[in-house]
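Please look through the sequence and the model below before reading on.

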Amino acid sequence: MDPDELVGRLRRICAALPEVVEEHAWRGTRWRVRSTAFAHVLEVRDGRPRSYALAAGTDGPASVLTFRSAGPELAALGHAGPPFFKPPWAVNVVGLRLDGDSDWEEVAELLTESYCVSAPRKLVARVHRPG
């Protein structure tokens, strides 16, 4: 999937959440609520950035999304295997390699949950969560 198209799809999901700010990250694009980043997407190419290439198990080219999770879902995703991976740099961060086979309903649910893990309760109360 084209990186610009990918960012556009993620942007539409994240923009539907209250008080989200999109910004350029040191690599790629990230979305935050208040001061906490809850999603970050970047391209791994030629094994760079190295930490992401190692965590995702690829030298690329690959699109990599990281997001926050908690509780049983964090444990399940951290052990699910590809396309998921568990980066070592934060206890509540999970990664997902995105490609043409990605389930965008699942991506939207994961980003919504990541937002809810990161946002103040007042903002979480405004979020529609299926189920």
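Leaving aside its neighbours within four places in sequence, which residues is Leu-10 in contact with? In this predicted model, and with those neighbours within four places set aside, Leu-10 is in contact with Trp-31, Val-41, Leu-65, Leu-98, Trp-104, Val-107 and Leu-111.

Leu-10 belongs to the largest nonpolar core, which has 29 residues, and it is among those with the most contacts inside that core, together with Leu-65, Phe-67, Val-107, Leu-111 and Tyr-115. The elements that give two or more residues to this core are the helices α1 (3-15), α3, α4 and α5 (121-124) and the strands β2, β3, β4 and β6, and of these α4 gives the most, with six residues. Apart from this core lies another one, of eight residues, which include Tyr-52, Ala-53, Ala-55 and Val-64.

The strands can be followed next. Six of them form an open sheet in the order β1-β2-β3-β4-β6-β5, with antiparallel pairing. Because β1 (20-24) and β5 (84-85) stand at the edges and each has a single partner strand, one side of each is left without a neighbour in the sheet. Within the sheet, strand β3, which covers residues 36-44, pairs with β4 in the antiparallel sense over six bridges, and His-40 stands opposite Thr-66 in β4. Helix α4, made of residues 104-118, lies across β1, β2 (29-33), β3, β4, β5 and β6 (93-98), and runs at about 40 degrees to β4.

Is Ser-69 buried or exposed? At 3% relative accessibility, Ser-69 counts as buried. Its side chain is joined to that of Glu-73 by a polar contact of 3.5 Å, and, not counting residues up to four places away in sequence, Ser-69 touches Leu-74, Leu-77, Asn-92, Val-94 and Val-117.

A last point concerns the cysteines. Why does the structure hold zero disulfides? The sulfur of Cys-14 has its closest cysteine sulfur in Cys-116, and because 12 Å lies between the two, they are too far apart for a bond, given that a disulfide needs a pair of cysteine sulfur atoms within 2.5 Å. Cys-14 counts as buried, at 0% relative accessibility, and Cys-116 counts as buried too, at 11% relative accessibility.

How values were computed: Residues are numbered from 1 along each chain as its sequence is written. This is a predicted model: local features need pLDDT of at least 70, side-chain atom pairs count only at pLDDT 80 or more; totals for chains, interfaces and linings use all residues. Side-chain values use heavy atoms; hydrogens and water are left out. Buried means under 20% relative accessible area, exposed over 50%, partly exposed in between (1.4 Å probe, protein chains only). A polar contact is a pair of N or O atoms within 3.5 Å; within protein, one must be able to donate a hydrogen and the other to accept it, and residues adjacent in sequence count only if both atoms are side-chain atoms. Contact means heavy atoms within 4.5 Å. Two strands pair if DSSP finds at least two bridges between them. Helices (H or I, at least four residues) and strands (E, at least two) are DSSP runs, numbered from the N terminus. Axes are lines fitted to C-alpha atoms, for helices over the stretch in contact, and angles run from 0 to 180 degrees between N-to-C directions. A nonpolar core is a set of buried Ala, Val, Leu, Ile, Met, Phe, Trp, Tyr and Cys residues joined through side-chain atoms within 4.5 Å.
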